[in-house]
Amino acid sequence: MSYQSILDQIHEEIAPTLPQGRIADYIPQLACVDERKFGMAICDVDGGYASVGDADERFSIQSISKVFTLTQAMRTADAQLWRRVGREPSGTAFNSLVQLEFENGIPRNPFINAGALVVTDIVLSHLGDAKAALREFARRLSGASDIDYDLRVADSEARLGYRNAALAYFLKSFGNLENHPDQVLDAYFHHCALSMSCAELARSFMYLARHGINSDGAVISSSQAKAINSLMLTSGTYDAVGAFAYSVGLPAKSGVGGGIVAVMPGQFSLCVWSPGLDGRGNSMAGSLALERFAALSGQSIF
Ligand code: DON
């Protein structure tokens with residue numbers, strides 16, 4: 001079966017079941033999206049491409065941006081990074097505060113919010129303008145020069161992001177932020193508010209399918225690409241990561257905008273988007289679509 005016919009079949013199965021789950025409204029601007037949206041796109045290492053549904057419509061990538069920020073931090077400060085952030089699954093919600101108190105301000109991994117705030121702090125210290133740097137990086141990886149932040153989403157989160165503010169000030173109290181928490185939060189909220197489509201995200205994540213190499217050269221080393229894929233497998237879908245590995249069997253990163261990107265090293269990068277979420281913050285139809293993809297294609301890292 002070709003990738004296109006697999007995506008067509010998944011679309012046919014899932015479209016009548018939409019909407020599924022609940023759209024994220026703790027960032028009010030995210031709730032303005034049509035909850036019936038569904039798109040999927042896949043790029044493979046031989047240059048193949050297939051897509052279905054709303055694959056070209058941009059959405060808020062939210063926590064998927066944590067993979068880009070981590071990649072930037074690993075490019076500039078790999079050794080320092082792992083003294084300040086762990087590499088273990090958290091088993092708690094992505095915005096939990098309790099674990100941080102027990103573990104003296106060292107976040108479990110770079111994909112929970114606390115970890116991403118530390119990673120953002122490192123990028124700020126090393127690259128200065130972290131907002132411009134991440135936007136440039138996403139443009140380079142995707143080949144789309146007009147990718148940008150949705151400022152309404154960034155403002156919407158900044159106005160009500162008390163929990164992230166609590167995390168950032170808590171991290172600062174443990175000495176695990178170099179910059180002022182407000183500066184870190186501003187960069188972090190913008191990074192989450194990057195707007196990209198499934199097609200652009202699938203293309204952007206190809207460096208993780210190609211052992212660190214993008215179409216225009218090396219992004220990171222092959223061992224760094226392996227490390228990021230491992231972290232996505234063990235922490236990319238938060239406290240649902242075990243069930244996700246069980247049912248899909250691919251490294252993946254989700255965001256509360258309803259996007260999920262999955263990677264099969266050496267083979268392909270795949271993105272699905274549908275805004276309705278399950279209780280853990282992962283796209284409900286998106287998770288199902290990836291499970292169906294793994295079953296129909298027979299592709300998984302296991
Ligand atoms: O910080 C937040 O809560 C959001 N900007 C991002 C959270 C997110 O996407 C977690 N994903 N499943």
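**A chat about the binding residues and the ligand**

Reader: Hey, which residues does Tyr 238 touch, not counting those up to four places away in sequence?

Author: Tyr 238 touches Ser 63, Lys 66, Phe 94, Phe 111, Ile 112, Lys 253, Ser 254, Arg 280 and Asn 282, once residues up to four places away in sequence are set aside. Keep in mind that this is a predicted model.

Reader: OK, and where does Tyr 238 lie?

Author: You'll find Tyr 238 in the loop between helix 11 (222-235) and helix 12 (241-247). Its phi is positive, about 60°, although Tyr 238 is not a glycine.

Reader: Is Tyr 238 buried or exposed?

Author: Buried, because its relative accessibility is 4% and the cut-off for buried is under 20%.

Reader: Switching topic: where does UniProt place the feature "binding site"?

Author: The unreviewed UniProt entry puts it at Ser 63, Asn 113, Glu 157, Asn 164, Tyr 188, Tyr 238 and Val 256. Of these residues, Val 256 is included in the lining of the second largest cavity.

Reader: Let's take Asn 164. What does it touch?

Author: Leaving out residues up to four places away in sequence, Asn 164 touches Asn 113, Leu 117, Glu 157, Leu 185, Tyr 188 and Phe 189. Asn 164 itself sits in helix 7, which covers residues 162-173. With a relative accessible area of 5%, Asn 164 is buried.

Reader: And Tyr 188, which helix is that one in?

Author: Helix 8, residues 181-192. Tyr 188 is buried too, at a relative accessible area of 4%. Beyond its neighbours within four places in sequence, Tyr 188 is in contact with Lys 66, Asn 113, Ala 116, Leu 117, Thr 120 and Asn 164.

Reader: How far apart in space are Tyr 188 and Ala 262?

Author: They are 22 Å apart, C-alpha to C-alpha, and 74 residues apart in sequence.

Reader: Now the ligand. How many residues surround it?

Author: There are 15 residues around the ligand, and the closest are Tyr 26, Gln 62, Ser 63, Tyr 188 and Val 256.

Reader: How much of the ligand does the protein bury?

Author: 100% of the 340 Å² that the ligand exposes when taken alone.

Reader: Back to Gln 62, where does it lie?

Author: In the loop between strand 3 (59-60) and helix 2 (65-84). Gln 62 has a positive phi of about 45° without being a glycine, and it counts as buried at 2% relative accessibility.

Reader: Which residues does a cis peptide bond join?

Author: Leu 18 and Pro 19, with omega at about 0°. Pro 19 belongs to the loop between helix 1 (3-14) and strand 1 (39-44).

Reader: Last one: what does the side chain of Ser 204 reach at 2.7 Å?

Author: The backbone oxygen of Glu 200. A polar atom of the Ser 204 side chain also lies 3.5 Å from the backbone nitrogen of Ser 142. Ser 204 is in helix 9 (residues 198-204) and counts as buried, with 0% relative accessibility. Leaving aside neighbours within four places in sequence, Ser 204 is in contact with Phe 68, Ala 138, Leu 141, Ser 142 and Met 196.

Terms used:
Residues numbered from 1 in each chain as written. Predicted model: local features only at pLDDT ≥ 70, side-chain atom pairs only at ≥ 80, totals over all residues. Heavy atoms only, no water. UniProt positions renumbered as here; feature names shortened; annotations may be inferred. 1 Å grid on protein atoms, 1.4 Å probe; cavity = no way out; pocket = protein on both sides within 12 Å on 5 of 7 lines; lining within 4 Å. Helix = DSSP H or I, 4+ residues; strand = E, 2+ residues; numbered from the N terminus. Buried < 20%, exposed > 50% of the residue type's maximum accessible area, 1.4 Å probe, protein only. Contact = heavy atoms within 4.5 Å. Near = heavy atom within 4 Å. Areas by Shrake-Rupley, 256 points an atom, 1.4 Å probe, with all protein chains shown as cover. Polar contact = N/O pair within 3.5 Å; in protein donor to acceptor, adjacent residues only side chain to side chain.
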